[in-house]
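Hi everyone, thanks for making time this morning. Please have a look at the chain on the screen, and then I'll walk you through it.

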Amino acid sequence: MSKKAKIAAGGVAAGVILLFWLPWWAALLIVLGVPAAAYLTLDSGQRRRLRRVTRKEIGH
């Protein structure tokens, strides 16, 4: 299993656990808010590099 697949599986497991522990809106806020906050902490060069890599992976 690749590193990205392990991270994705862990994220899904955490999301399912949060849905049972918290109300659905709080779990949704955490699941969407954490990646958004992480993206906002990047500086402009890192954001540019991340967008470039993402575009390459989808074939643009």
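Let me begin with a term: when I say contact, I mean heavy atoms within 4.5 Å. And two notes on where the numbers come from. This is a predicted model, where local features need pLDDT of at least 70 and side-chain atom pairs count only at pLDDT 80 or more, while totals for chains, interfaces and linings use all residues. Residues are numbered from 1 along each chain as its sequence is written, and side-chain values use heavy atoms, with hydrogens and water left out.

Now, with that meaning of contact, which residues does Ile-30 touch, not counting residues up to four places away in sequence? They are Leu-18, Leu-22 and Pro-35. Ile-30 sits in helix H2; helices here are DSSP runs of H or I with at least four residues, strands are runs of E with at least two, and both are numbered from the N terminus. With a relative accessible area of 36%, Ile-30 is partly exposed. For that scale, buried means under 20% relative accessible area, exposed means over 50%, and partly exposed is in between, using a 1.4 Å probe and protein chains only. Ile-30 and Gly-15 are 15 residues apart along the chain, and their C-alpha atoms are separated by 8.7 Å.

The axes of H1, residues 3–21, and H2, residues 24–40, come within 8 Å and cross at roughly 150°. Axes are lines fitted to C-alpha atoms, for helices over the stretch in contact, and angles run from 0 to 180 degrees between N-to-C directions. H1 and H2 are therefore roughly antiparallel to each other; that label applies over 145 degrees, with roughly parallel under 35, roughly perpendicular from 65 to 115, and oblique for the rest.

Who makes the contact? From H1 it is Gly-15, Leu-18 and Leu-19, and from H2 it is Trp-24, Ala-27, Ile-30 and Val-31. By class, the contact of H1 with H2 has 6 nonpolar residues, 1 polar and no charged ones. Here Ala, Val, Leu, Ile, Met, Phe, Trp, Tyr, Cys and Pro count as nonpolar, Asp, Glu, Lys and Arg as charged, and the others, Gly among them, as polar.

Met-1 lies in the segment before H1 and is exposed, at a relative accessible area of 76%. Lys-4 is in H1, and at 62% relative accessibility Lys-4 also counts as exposed. From Lys-4 to Ile-30 it is 26 residues in sequence and 20 Å in space, C-alpha to C-alpha. Leu-40 belongs to H2 and counts as exposed at 58% relative accessibility.

Finally, the whole chain. There are 3 helices and 0 strands, running α-α-α from the N terminus on. The radius of gyration, taken over C-alpha atoms, is 14 Å, well over the 10 Å that the globule rule gives for 60 residues, so the chain is more spread out than a compact globule. That rule is 2.2 Å times the number of residues to the power 0.38. Of the 60 residues, 7% count as buried. Thanks, and I'm happy to chat!
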